[in-house]
Every structure is written in C-alpha cells, then in structure tokens.
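Please keep the sequence and the model open while reading.

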Amino acid sequence: MAELAALEDPKIREVNEKHGDDHGVNLSRLRAVAKRLRTQQELARRLWETDDTAARLLATLICRPRAFERDELDVMLRQARTPKVHDWLVNYVVKKNPHSEELRLAWSADADPVIASAGWALTTERVAKKPGGLDLAGLLDVIEAEMKDAPDRLQWAMNHCLAQIGIEHAEHRARAIGIGERLEVLKDYPTPPNCTSPFAPIWINEMVRRQREK
C-alpha cells in the first residue's frame, strides 16, 4: 500500500476522476509492480479488501482467476465502486473463471444496470469467441427495444454487443447496422483522430473493412 501511495500522481488522479475513477497511479507502473509480484492469490484477496481502487486494480493482475468461487465474484462485482475496477475484474478475472457463463446469465438479468452491464460484457465475449448456443437474433431484439433508454454503462455494453454481432456474424450484419442507424446511440460521441467511432454502424463497417484487407 505504501508503494502504491508513492506512485500517486495528482494530475493522473484529476484526469481519472472525470471518468469516475478515484486513483492517480499510472497504469503502466501499476502493471510493472504486478509483473514483479507475479501471481499471489492471498495477497490479491488482501489488496481487494482494502477498498482502495489502485490496490484493487493490482489485485486483478496478481490473482489466480480460476481460484474464485461464483458467489465470491458476485460479491466482488457489487463491491467494485469504480468503472476501471469493474472493467478489470470482468475482463481479467471473471472471463477466465469457470463460473463465467453462470455469472453472465445471472448478471444480464440483474436489476442494477451496472451489474447488468457486466453480463452484457460477458455476452459480447461469447459473441466473438463462443457464439454457439447464443440466440443472436434474440439479443438484437433486446438491444433494439432497450438500448436507447438504458443508463450509460449498460448502454455502452449493449452497444458493444451490437457492434460485435455485426462485425462477427455476416448474416446479422445488415440488421445490426440498421438498429444502430435507427437508435443513433453514441452517434455524436467525440472520437479522437485515428480512433474508430463507437457508433455501431461506423464501428461495424470499419472493422469489417479491416478484416477484408487482411
């Protein structure tokens, strides 16, 4: 904890706080600490228990993802107060855990939109890597009906799923693009130069173009 405190940079914290993240540690330096520590499950649990954002981010990097029980991960997600901790927990831990599919189904149906967004993130992973058994048309039905009015975090996750369906599954591409065009979610999102817009029709078409060029 002392080492993490020493890495604190007020300017980084100021930028992060605009995105809801209450830490000021350069993430490259945090990863360097994790690389030195390597996998330490018990230390990861103790870091998580501090409720400190930088410590929790470090915990997701040094833990053993498969060692967590289903209910433990459910509690941890609900404890993840900040967007970065939430995202790293889902991407670096839950996706590698044997209970990920069970959690995907439970979280997708959760009344809390932040928890539901984790379910959609796991669904997007399956759309890309293990689509077998998924009802893609049904997912598009839900996105079409609910994404426009969803809270920000949930809307972002649903939009990512919409784009992934359009990118990976040609038979659903026209419908995915059509839904994006009608709902206009993130259409005016400020996108830096050389970055792809998160507006689903642009995102889908750009990624498909790149795939064809390979």
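In which helix is Asn-159 found? Asn-159 is found in helix α11, residues 152-168; helices here are DSSP runs of H or I with at least four residues, strands are E runs of at least two, and both are numbered from the N terminus.

This is a predicted model, in which local features need pLDDT of at least 70 and side-chain atom pairs count only at pLDDT 80 or more, while totals for chains, interfaces and linings use all residues. Residues are numbered from 1 along each chain as its sequence is written, and side-chain values use heavy atoms, with hydrogens and water left out.

- The side chain of Asn-159 reaches the backbone oxygen of Pro-198 at 2.8 Å. A polar contact is a pair of N or O atoms within 3.5 Å; within protein, one must be able to donate a hydrogen and the other to accept it, and residues adjacent in sequence count only if both atoms are side-chain atoms.
- Leaving aside residues up to four places away in sequence, Asn-159 touches Met-147, Val-185, Leu-186, Pro-198, Ala-200 and Trp-203 (contact means heavy atoms within 4.5 Å).
- Trp-156 is also placed in helix α11, and its relative accessible area of 39% makes it partly exposed.
- With residues up to four places away in sequence not counted, Trp-156 touches Leu-186, Tyr-189 and Pro-198.
- Trp-156 and Trp-120 are 36 residues apart along the chain, and their C-alpha atoms are separated by 9.5 Å.

**Packing of α4 with α5**

- Helix α4 (residues 41-49) packs on helix α5 (residues 53-62) at an angle of about 160°, with the axes 8 Å apart. Axes are lines fitted to C-alpha atoms, for helices over the stretch in contact, and angles run from 0 to 180 degrees between N-to-C directions.
- The two helices α4 and α5 are therefore roughly antiparallel to each other (under 35 degrees counts as roughly parallel, over 145 as roughly antiparallel, 65 to 115 as roughly perpendicular and the rest as oblique).
- From α4, Gln-41, Leu-43, Ala-44, Leu-47 and Trp-48 meet Ala-55, Arg-56, Leu-58, Ala-59, Thr-60 and Ile-62 of α5.

**Packing around α10**

- Helix α9 (residues 113-129) and helix α10 (residues 136-146) have axes that come within 12 Å and cross at roughly 145°.
- Trp-120, Thr-123 and Val-127 of α9 make this contact with Leu-136, Leu-139, Val-142 and Ile-143 of α10.
- Buried residues in α10 are Leu-136, Gly-138, Leu-139, Leu-140 and Ile-143.
- The buried residues of α10 pack against α9, α11 and α12.

**Positive phi outside glycine**

- Arg-38 is not a glycine, yet it has a positive phi of about 60°.
- Arg-38 sits in the loop between α3 (27-37) and α4, and its 65% relative accessibility makes it exposed.
- Glu-184, also a residue other than glycine, has a positive phi near 60°.
- The loop between α12 (173-183) and α13 (200-213) holds Glu-184, which counts as partly exposed at 41% relative accessibility.

Technical notes
Buried means under 20% relative accessible area, exposed over 50%, partly exposed in between (1.4 Å probe, protein chains only).
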